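Student: Could you walk me through how to read this model?
Tutor: Gladly; let us look at it together.

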Amino acid sequence: MAKLLLGCIADDFTGATDLANNLVRAGMRVVQAIGVPEARRAGPPQASARPLGGQRGHEVPSVGAEFAPLAADVDAVVVALKSRTIAPAEAIAQSLEALRWLQAQGAQQIYFKYCSTFDSTPQGNIGPVTEALMEALKCDFTIATPAFPDNKRTVFKGYLFAGEVLLNESGMQNHPLTPMTDPNLVRVLQAQCTRKVGLIDHAVVARGAAAITERIGQFKGEGVSIAIVDAVSNDDLLRLGPALAKMPLVTAGSGVAIGLPANFGLAPSSQASALPAAGGLRAVVSGSCSLATNRQVLDFIQRGGAALAVDPLRIAAGVDVAAEALAWAAPLVEKQPVLVYSTAEAGAVKSVQSRLGVEEAGAMVERTIAAIARGLVERGVRQLVVAGGETSGACVQALGIAQMQIGPQIDPGVPWCHARSDAAPGAGLHIALKSGNFGGDDFFTKAFTVLG
Ligand code: ADP
């Protein structure tokens, strides 16, 4: 196997795809691994990746196949963890496990990826995981910047802006799990670290890679080991890239990724997103109730698409809704893409939640949509769109998917992927995982045109 250029550890699932998508667009061939891949064990068939922590009790199906080796030509792997809000010690343990696996693949540089809103609590996990990785890599200096100008996340004088406003005015101050009340990233990170945190400010970044490298040298002399880096444009990130060439560890949102492939002599190319040829039947399953997904479902129906709504109350009443949906889909999917959805507007969702409970309703619907996704694939669907972040996690697990090769982008942040699954023996399937508010109104139609 060729040596991995970049080994990435992402602290959540959709964040991993976001990073993978940026790397592909900058010229790398990328595989996303769902959890830390395990070596094949002797004995009965095993799931080939450790389940993501924190998932709501999804069964991990047996895959019955050994962990698929990485494609010989892959340039980067993104290991998707779910470590953003778990206890720091557990986040460190999972991240170090991912590191060991990436090192075993020969990764030349490690990238720790977190959210572009720097989602963390006073305990971490960005700081503790960064320091544990530095220790393990014997790395005396790294950077930290969530800047992602394409997504309107910019850092100036160490302050993080989301769109036109400071982070703590963006709504993130009210986040239920990781409220961000201080926009000053030097302060935020310093509170989570024992090492000294500094700032490479925009005046230095604007002067280019040599100036950044010089500043890093000064910092090392002053005992500063981690630097927040200002970036307000993609040009800033491209200037930063060369200064990171020799750094064993980079920590960032997904934005910094656009400047790294060039360090390995790679430039954007259509080769990077090439996937095996697509075939088979086409379907969409949606468990997302976000506004964008509601529009996408409506658009698909208004275009005359074949669509079936799943009613959570019938699931709760013990009806085998998955079997019903599969029986409905069987004759239709032979001729056209089908959509099975539990997507509903806020009022309807609230009413279901008040009768069944938020968690219970969510888990029940996720299980049903995942069973439908698996049933569709078992019946020949080989191009599957899944809408919903949690729903995607449930479907990926039900399909026994351990790795996805990242392909062409459908809409910003949502690429087609190719994966092996025991439900799709042989050539595997194409799958697109769309988190709630991503994608244009015509996403469910457009997606299939992108694969040709
Ligand atoms: P998004 O990415 O839009 O947030 P998710 O899949 O992450 O979508 O979350 C949607 C949650 O809502 C899931 O737990 C899903 O099972 C649940 N859900 C889907 N449809 C309904 C419904 N009609 N009523 C109640 N809960 C639902």
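Student: Which residue in strand 4 is the bridge partner of Ala10?
Tutor: Strands here are DSSP runs of E, at least two residues long, and helices are runs of H or I of at least four, both numbered from the N terminus. Two strands pair if DSSP finds at least two bridges between them. In this case, the partner of Ala10 in strand 4 is Lys113. That bridge belongs to the pairing of strand 1 (residues 6–10) with strand 4, which is parallel and has five bridges. Before we go on, note that this is a predicted model: local features need pLDDT of at least 70, side-chain atom pairs count only at pLDDT 80 or more, and totals for chains, interfaces and linings use all residues. Residues are numbered from 1 along each chain as its sequence is written, and side-chain values use heavy atoms, with hydrogens and water left out.

Student: Which strand does strand 4 join through four bridges?
Tutor: Strand 11 (residues 249–252), also in the parallel sense. There, Ile110 has Leu249 as its bridge partner.

Student: Why is strand 4 described as largely enclosed?
Tutor: Buried means under 20% relative accessible area, exposed over 50%, and partly exposed in between (1.4 Å probe, protein chains only). Strand 4 (residues 109–113) has five of its five residues buried, so the rest of the structure largely encloses it. Gln109, Tyr111 and Lys113 cover one side, while Ile110 and Phe112 lie on the other, and all are buried. Across the protein, 54% of the 452 residues are buried.

Student: In what order do the strands of the open sheet run?
Tutor: The three strands follow the order 6-7-8, with antiparallel pairing. Strand 6 (153–156) and strand 8 (165–166) are the edges, each pairing on one side only. Strand 6 is joined to strand 7 (residues 159–162) by four bridges, and Phe156 stands opposite Tyr159.

Student: Which residues come nearest to the ligand?
Tutor: A residue is near a molecule if one of its heavy atoms lies within 4 Å of it. Of the 19 residues around the ligand, Ser288, Ser290, Glu366, Glu390 and Thr391 come nearest. For polar contacts, look for N or O atom pairs within 3.5 Å. A polar side-chain atom of Ser288 is 2.6 Å from a ligand oxygen atom, and one of Glu366 is 2.5 Å from a ligand oxygen atom. Gly436 instead uses a polar backbone atom, 2.8 Å from an oxygen atom of the ligand.

Note on methods:
A polar contact is a pair of N or O atoms within 3.5 Å; within protein, one must be able to donate a hydrogen and the other to accept it, and residues adjacent in sequence count only if both atoms are side-chain atoms.
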